[in-house]
Amino acid sequence: MFEKGETVYYGTAGVCKVNDICRSPFDKNDERMFYVLKPNAFADGTIIYAPADNGNVLLSPLMTKKEAEDLIAEVPTLPLMEITNEKQRRDEYRNAMKNGTPEVLAMMIKTIYSRKMMCGTKKRLSDTDNEFDRVARRALFGELSVVLNVAEDEIESRINEKMK
C-alpha cells in the first residue's frame with residue numbers, strides 16, 4: 001500500500017501524488033479504501049479516486065533514477081511491437097497502455113515513430129497512431145521527467161535522438 005504524500009504511476013494519468021487515503025467517497029456502505037490521486041499532467045484540479053485493492057488498474061511506484069537512465073540508453077535496442085493485423089492495431093496499443101510498464105510504453109513510442117518515418121511527408125499517420133503516441137509520450141516522459149528531474153521537452157529530445 002502506498003503512503004499519503006508518495007508519488008506513484010497511475011495508468012494513463014501518469015505520475016500522480018497520493019493526496020490522501022480514505023474510505024469510499026461515493027458510498028458510505030462501501031468499506032474499501034481509496035487513494036485520492038492528483039495527476040501531475042493535469043493543471044485543472046483533476047482528482048482521481050482509485051480503489052487501493054483494484055488489481056485491474058496499474059498503480060505502481062515510480063522507476064528509480066538508474067532504471068530511467070538505463071531505459072533511455074536501451075531505446076535503440078528495444079524491439080518494435082509486433083502487430084500482425086493492422087485491424088488490431090488499436091487493441092495492441094490499448095493492451096500496451098494497460099500493461100503500462102516503461103519498457104512497453106517506450107516500445108510503443110518507438111513503433112509509432114518508426115511508422116512515422118516510413119510514411120515520410122507524403123502520408124500522415126492514422127488517428128490511432130497519433131492518439132496513442134500522445135498518451136504514451138505523456139505517461140512515459142512525465143515519469144522520466146520527474147525521476148530524472150529534467151523538463152519533459154529534454155526527455156523527448158533525448159528519446160527522439162536515440163530512436164533515429
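The side chains of Arg23 and Glu31 meet in a salt bridge, at 4.0 Å from N to O. A salt bridge is a side-chain nitrogen of Lys or Arg within 4 Å of a carboxyl oxygen of Asp or Glu. Side chains of opposite charge can pair when their charged atoms come close. The model is predicted: local features need pLDDT of at least 70, side-chain atom pairs count only at pLDDT 80 or more, and totals for chains, interfaces and linings use all residues. Residues are numbered from 1 along each chain as its sequence is written, and side-chain values use heavy atoms, with hydrogens and water left out.

**Accessibility of the paired residues**

- Buried means under 20% relative accessible area, exposed means over 50%, and partly exposed lies in between (1.4 Å probe, protein chains only).
- Arg23 is partly exposed at 47% relative accessibility, whereas Glu31 is exposed at 53%.
- Arg32 and Asp30 form a salt bridge through their side chains, at 2.9 Å from N to O.
- Arg32 is partly exposed, with a relative accessible area of 36%, while Asp30 is buried, with 15%.

**A link between two helices**

- Asp129 and Arg115 form a salt bridge, with their closest N and O atoms 2.9 Å apart.
- Asp129 lies in helix α4 (residues 127–148) and Arg115 in helix α3 (residues 102–119), so this pair ties together parts that are 14 residues apart in sequence.
- Helices here are DSSP runs (H or I, at least four residues), numbered from the N terminus.
- Asp129 and Arg115 are both buried.

- The whole structure contains ten salt bridges.
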